[in-house]
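I opened my notebook with a plain plan: look up charged pairs, packing and pockets, and write down what turns up. Come along and check each entry against the picture.

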Amino acid sequence: MASQGLNVVVMAAGKGTRMKSALPKVLHRLAGRSLVQHVLDASAPLSAVRTVVITGHGADAVEQALGASGCVFARQMPQLGTGHAVQQAAPVLADDGIVVVLSGDVPLTQEDTVRALVEHCGGTKLALLTLQMDNPFGYGRIIRNGAGQVQRIVEQKDGAPGELAVNEIYSGIMAAPASLLKGWLAKIDNDNAQKEYYLTDVVKLAVTDGVPVVAHCIDDAVQVAG
């Protein structure tokens with residue numbers, strides 16, 4: 001599918017406590033550009049009709065830094081999880097086409113990878129960017145059925161031992177049909193260990209709705225490193 005009708009959502013609301021800095025995480029620089037600018041630059045060739053940056057911690061600074069980029073901003077106050085973040089963008093997203101969700105603190109994702117994910121979605125499927133990791137600790141695990149079909153994503157704090165033994169992880173990057181994603185976002189809840197609204201819960205909602213869930217599994221861990 002061509003990029004006509006493509007919406008890009010960049011999650012950039014996190015505090016980044018590991019940085020031990022007052023500067024918002026996504027504004028830390030790598031090779032002369034902020035982390036979030038790398039993400040925007042990688043998605044720019046896709047010619048999205050709209051790019052929404054979700055801000056929260058340090059929102060004023062992030063919005064000022066990206067003010068000339070042509071983005072639309074949606075604020076997440078307070079920060080109640082990744083699903084809650086994308087819920088804030090929903091009102092400004094188109095009702096048709098494809099939404100690709102990127103992470104503002106994952107600067108090395110390549111344009112070709114995002115383009116391939118959008119093609120896997122094709123406007124009818126939920127497409128997840130996944131990776132096989134020797135040490136998957138901390139990441140959401142891709143849970144498949146006996147036929148190899150993706151059924152759900154289990155977060156680290158919610159997983160049973162058998163589930164946490166799975167080495168295929170979710171990168172935090174997905175592409176979904178806009179109309180379906182909006183419906184799923186309205187249904188997610190915070191019944192989990194962290195009492196957060198997980199974006200990953202849209203996977204089980206897609207399965208319930210009979211929407212195919214496909215995994216685009218890459219072997220370049222650098223592209224999904226935060």
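Predicted model: local features only at pLDDT ≥ 70, side-chain atom pairs only at ≥ 80, totals over all residues.

**Entry 1: charged pairs**

I started with Arg 75, which is partly exposed, with a relative accessible area of 39%.

Which residue does Arg 75 pair with in a salt bridge? I found Asp 60, and the closest N and O atoms of the two are 2.4 Å apart. Asp 60 lies in helix H2 (residues 59-65) and Arg 75 in strand S5 (residues 72-75), so this pair ties together parts that are 15 residues apart in sequence. Asp 60 is exposed, and its relative accessible area is 55%. I also noted a network of salt bridges that links Asp 60, Glu 63 and Arg 75.

Next I looked up Lys 182, whose side chain meets that of Asp 95 in a salt bridge (2.6 Å, N to O). This pair links distant parts of the chain, 87 residues apart: Lys 182 is in helix H6 (residues 178-185), while Asp 95 is in the loop between helix H3 (82-89) and strand S6 (98-103). Lys 182 counts as partly exposed, at 22% relative accessibility. Asp 95 counts as exposed, at 57%.

Then I turned to Asp 201, which forms a salt bridge with Lys 204, with 3.9 Å between the closest N and O atoms. Is Asp 201 buried or exposed? I found Asp 201 buried, with a relative accessible area of 10%, whereas Lys 204 is partly exposed at 44%.

How many salt bridges does a search of the whole structure find? I wrote down 9.

**Entry 2: the packing inside**

I looked up the largest nonpolar core and found 33 residues in it. Leu 126, Leu 128 and Trp 184 have the most contacts inside this core.

What volume does the largest pocket have? I noted about 1,400 Å³. It is lined by 38 residues, and Lys 25, Thr 82, Asp 105, Gly 138 and Glu 196 are the closest to its centre. S1, H3 and strand S10 (168-177) are the elements that give two or more residues to this lining. S10 gives the most, with 3 residues. By class, I listed 14 nonpolar, 17 polar and 7 charged residues in the lining of the largest pocket.

The second largest pocket holds about 190 Å³ of space. Asp 201 and Lys 204, my pair from the first entry, are among the residues that line this second pocket. Strand S9 (residues 150-154) gives the largest share of its lining, 3 residues. The lining of the second largest pocket has 3 nonpolar, 1 polar and 8 charged residues.

Methods. Residues numbered from 1 in each chain as written. Heavy atoms only, no water. Core = buried A, V, L, I, M, F, W, Y, C linked by side-chain atoms within 4.5 Å. Buried < 20%, exposed > 50% of the residue type's maximum accessible area, 1.4 Å probe, protein only. Salt bridge = Lys/Arg side-chain N within 4 Å of Asp/Glu carboxyl O. Helix = DSSP H or I, 4+ residues; strand = E, 2+ residues; numbered from the N terminus. 1 Å grid on protein atoms, 1.4 Å probe; cavity = no way out; pocket = protein on both sides within 12 Å on 5 of 7 lines; lining within 4 Å. Points joined across faces, edges and corners; volume = space filled by probe spheres on them. Nonpolar A, V, L, I, M, F, W, Y, C, P; charged D, E, K, R; others polar.
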